[in-house]
Amino acid sequence: MSSWRMSRTFPGSPIAIAEARRFITTLLGSRPGIEDAELIVSELATNAVRHSASGRFGGCFTVAVQADRDRIWLGVLDQGGPRAPHPLPPQEDEEGGRGLALVAAMAVSWGVTGDEQGRIVWAALDLAPQQTATR
Ligand SMILES: Nc1ncnc2c1ncn2[C@@H]1O[C@H](COP(=O)(O)OP(=O)(O)OP(=O)(O)O)[C@@H](O)[C@H]1O
Ligand SMILES: [Mg+2]
């Protein structure tokens with residue numbers, strides 16, 4: 001399978017998080033390991049809506065995907081704001097603060113770029129190549 005890229009912009013509302021997840025499922029649904037990609041996009045989209053200016057009235061976020069034969073790159077672009085993404089140390093008995101740590105654990109690499117005008121939180125995942133007929 002050759003390399004491809006796709007992106008889609010969603011309204012910055014909690015309802016759009018499930019849509020962002022379905023976007024990934026539709027694009028990558030036939031590839032083994034898709035669950036990790038779905039979870040990463042759900043966490044990053046949730047963060048964009050909850051913690052960045054994307055969650056303001058009229059805000060939006062964009063999900064970008066690049067897929068190569070055995071690796072995918074997922075990015076969520078938000079509309080920035082005063083706070084910056086930072087993984088929190090593990091906290092027992094506490095709800096929350098686990099999303100980015102989870103992303104970091106699942107991804108081959110991940111990172112944040114941008115500033116208060118807008119940020120991209122991205123993650124790269126190794127994914128088994130799509131099976132193709134051999135006969
Ligand atoms: N897109 C973002 N823009 C601004 N700040 C962010 C963004 N994503 C994460 N953060 C900051 O980084 C912190 C850690 O994010 P993380 O996803 O690990 O935890 P959480 O969202 O607080 O809780 P959980 O994901 O477990 O529900 C957040 O509390 C928030 O302050
Ligand atoms: Mg989170």
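Modeller: In this predicted model, the crossing of H2 and H3 is left-handed. Helix H2 covers residues 34-51 and helix H3 covers residues 99-106. Their axes are 10 Å apart, and the two helices pack at an angle of about 150°. Angles over 145 degrees count as roughly antiparallel, and H2 and H3 are therefore roughly antiparallel to each other.

The residues that H2 brings to this contact are Asp-36, Leu-39, Ile-40, Glu-43, Leu-44 and Asn-47. From H3 come Gly-99, Leu-100, Leu-102, Val-103 and Met-106. Sorted by class, the contact of H2 with H3 has seven nonpolar residues, two polar ones and two charged ones.

H2 also meets helix H1, which spans residues 15-28. The axes of H1 and H2 come within 9 Å and cross at roughly 150°. H1 and H2 are therefore roughly antiparallel to each other as well. Here the crossing is right-handed, whereas that of H2 and H3 is left-handed.

On the H1 side, the contact is made by Ile-17, Ala-20, Arg-21, Ile-24, Thr-25 and Leu-28. On the H2 side, the residues are Ile-34, Ala-37, Glu-38, Leu-39, Val-41, Ser-42, Ala-45, Thr-46 and Val-49. By class, the contact of H1 with H2 has 10 nonpolar, three polar and two charged residues. Leu-39 of H2 takes part in the contact with H1 and also in the contact with H3.

The largest pocket has a volume of about 490 Å³, and 24 residues line it. H2, H3 and strand E5 (118-126) are the elements that give two or more residues to this lining. H2 provides the largest share, seven residues. Nearest the centre of the pocket lie Asn-47, His-51, Pro-85, His-86 and Leu-100. By class, the lining of the largest pocket has 10 nonpolar, eight polar and six charged residues.

To put the part together, H2 is roughly antiparallel to H3 and roughly antiparallel to H1, and H2 gives seven residues to the lining of the largest pocket.

Terms used:
Residues numbered from 1 in each chain as written. Chains lettered and ligands numbered in written order. Predicted model: local features only at pLDDT ≥ 70, side-chain atom pairs only at ≥ 80, totals over all residues. Heavy atoms only, no water. Axes fitted to C-alpha atoms, helices over the stretch in contact; angles between N-to-C directions. Helix = DSSP H or I, 4+ residues; strand = E, 2+ residues; numbered from the N terminus. Parallel < 35°, antiparallel > 145°, perpendicular 65-115°, else oblique. Left-handed = near helix turned anticlockwise from the far one by under 90°. Contact = heavy atoms within 4.5 Å. Nonpolar A, V, L, I, M, F, W, Y, C, P; charged D, E, K, R; others polar. 1 Å grid on protein atoms, 1.4 Å probe; cavity = no way out; pocket = protein on both sides within 12 Å on 5 of 7 lines; lining within 4 Å. Points joined across faces, edges and corners; volume = space filled by probe spheres on them.
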